[in-house]
Amino acid sequence: MHTVIQALILGVLTGGVYALMASGQTIIFGVMKVVNLAQGALVIAGAYLSYSLFTSFGLDPFLSILVTTPALFGVGAGLQWLFLRPLREEDRAELSLLVTFAVALGIEGVLSVTYKTNYRTIQAGYADRSFTVGGYQISAVRLYAFLLSAALLGLLYLVLQRTKFGRAIRATVQNPEAAQLLGVNSRVVAAAGFGIGAATAAAAGAVYGLLYSFNSGSHYDLISRLLSIVVLGGLGSIGGSIVGALVMGVVAALVAALGPPIWSDFSFFIVLLAVLLLRPRGLFGASLRGAL
Amino acid sequence: MSRAGVIRALLFFGLLTALPFAVTEHWIVNLGVFTLIYAGLASAWNLVGGLAGYPSLGHAAFFGAGAYAEAIYFQHREAGANGLMPFLVLPIVGAGVAVLGLAVGWIAMRTRSDVFAIVTITLLFVAQTLAFNLNSLTGGSQGIGMPAAPFDVDTYERPFYLVLVLLLVVSMGVTWAALHSGVGLSLQAVAADEERARGIGVHVTGAKLLAFAVSVGIAGMIGGVWAYYVSFIYPQFAVDPLVTIGMVLMAYLGGRGTLWGPVLGAFILVPAQQYLAYQYGATQLYLIAYAAVFLLIMLLLPRGILPSLGHLLRRRRAAAGRSPDEPAQDPADHAGAGTGTVAEEMAR
């Protein structure tokens, strides 16, 4: 029982970080109907940026996101403007998969040239610290990472619900034409939506670099998980992607604790296939699609 | 088949078959082998991704399944029948992979378009994890070896090359048959509007599952030839996202849904890719160059070369006074007549 609860704690904490990455993915899908295969590469780019700021200037990874999120917001908006905006609407859904995959390859190439391909980790002073609560070990980094993700998700929620810009985004998600008629500049919203998605990747990347060792090729591993999360939750639903991320974290942690660890990722894919067998639209796909 | 079509096919495959007898330089025939691998894969992918409009990103998993089936069977055996045995078992490998494809397609094809693409790419990562983790079967990251082929050193690549030409004939033959049969029409109806097609009584599920099974079966056979050719396979190369993306990109470049488009795409991109890898392979600049080529193709030729050319030709003809609506003798055979979808036919 102790092992199970310990695994549950670990799973929820890990799931929280993935929830942040996946919600960025979901916003990008929402505003543009684009499945962003470069989201993993953007997370890794964010991790490298925080790594550089930490090793060169000693800037704490949690503080470095104040620099990296605006930077990747710009990168994301730029990528959208350069490569996705020119695609014609009728074949955007399919072509965007290929275009964003090409962008992922390009980012991987730039990172490999800049940082070579050996594995890195961000070794902050508190990396090995942990708390003990009621007999359960909680790693400090994972707890901070989870809290940061929760705070950023809350912020995202406030921006979407309470600001004029957030309303414009939600309107675009629900009905792009009507939003445009009501004076929403859909091209700006699309670019900004992509930018926000990339900015969440930057924040998640700082945390990812603290938790795991990574190299330029790590984005393949990330993107497979992120895609499974958003499909499990239902494409286009932020709530769904958070639930999906938590399910993934918990399932993987439980299998790792109770069974052979090499199968922990695999088990989640099995859950995904089982859900798709019963509900092809994902957990929240039908009811929340387009509602954000 | 129109007469021009027959002549074009005979000429193409005649020249292709003659090449390894006329040229024996290893690097050229080797390039030919890899070009044929991708031409076959792109053509097979086109059955599902082009004709039926289901953008599978998981085909490399079935390529890998075929490769592992060969390697696991032959790891402790001699390549009998003068080294031809691994080729002779290909139909069995193909049938096995096709059955696997039926099971996978039955689940995956409950989803459509972008979700289908995601589910299939997820399957690709599942397959890669399996290849890494099933140590006793696949050798894990240590890889698994095939027996050395007892072919003459001077013409070592030739048998592989010829078998791949044969598989390309099969793949394009199936595509041609699909374009000229009821099944093909059903697939095009699925691509255009699946719900309406189902509504008017098209056997949607049967048609798309058949296309998927045949398509991945061919990919599996090509994987088997590849495993024998490279003689030692590792999970990261046997089940490689870049293989998936390669075949998809080639089909898009040449023109998906057309008979010749995917093959044309492979004949342009594989040599270009090998050149880039040769020039910049030592550094990772290769990846950047590849991504740049990739993006340019998508932005400049979103419909592919053959459909764009066909469009241009029709416009020329219209300008020369002929009606653009005049149907060609045989739309699917006519070099790149549109993307060959029902939607396009109706729009014209």
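Q: What makes up the secondary structure of chain A, and in which order do the elements run from the N terminus?
A: In this predicted model, the elements of chain A run α-α-α-α-β-β-α-α-α-α-α-α-α-α from the N terminus on. The secondary structure of chain A comes to 12 helices and two strands.

Q: What makes E1(A) and E2(A) of chain A a pair of strands?
A: Strands count as paired if at least two bridges are found between them, and four bridges join strand E1 (residues 130-133) of chain A to strand E2 (residues 136-139) of chain A; the two are therefore paired, and they run antiparallel. Within this pair, Val133(A) stands opposite Tyr136(A) in E2(A).

Q: What lies between E1(A) and E2(A), and which residue in the turn has a positive phi?
A: The two strands form a hairpin with two residues between them, and Gly134(A), in the turn, has a positive phi of about 55°.

Q: How do you know that the radius of gyration of chain A agrees with that of a compact globule?
A: For 292 residues, the rule for a compact globule gives a radius of gyration near 19 Å, and because chain A has 19 Å, the value agrees with the rule. The C-alpha trace of chain A spans about 60 × 50 × 35 Å along its principal axes, and 54% of the 292 residues of chain A count as buried. As for the contacts in chain A between residues at least 6 apart in sequence, 78% of them join residues at least 24 apart.

Q: Why can the buried residues of H6(A) be said to line one face of the helix?
A: A residue is called buried if 20 or more other C-beta atoms lie within 10 Å of its own, and in helix H6 (residues 164-174) of chain A this term applies to Ala168(A), Ile169(A), Thr172(A) and Val173(A). Seen down the axis of H6(A), the buried residues fall within an arc of 135°, so they line one face. An α-helix has 3.6 residues a turn, so residues three or four places apart point the same way. The buried residues of H6(A) pack against helix H1 (2-32), helix H5 (140-162), helix H7 (176-181) and helix H8 (186-211) of chain A.

Q: What makes up the side of chain B that touches chain A?
A: In chain B, 33 residues are in contact with 37 residues of chain A. Helix H7 (113-133), helix H13 (241-254) and helix H15 (285-300) of chain B each supply at least two residues of this side, and the largest share, 12 residues, comes from H7(B). By class, the side of chain B that touches chain A has 24 nonpolar, seven polar and two charged residues.

Note on methods: Residues numbered from 1 in each chain as written. Chains lettered and ligands numbered in written order. Predicted model: local features only at pLDDT ≥ 70, side-chain atom pairs only at ≥ 80, totals over all residues. Contact = placed C-beta atoms within 7 Å. Nonpolar A, V, L, I, M, F, W, Y, C, P; charged D, E, K, R; others polar. Rg over C-alpha atoms; globule rule 2.2 N^0.38 Å. Buried ≥ 20, exposed ≤ 12 C-beta atoms within 10 Å, placed from the backbone. Arc of directions from axis to C-beta.
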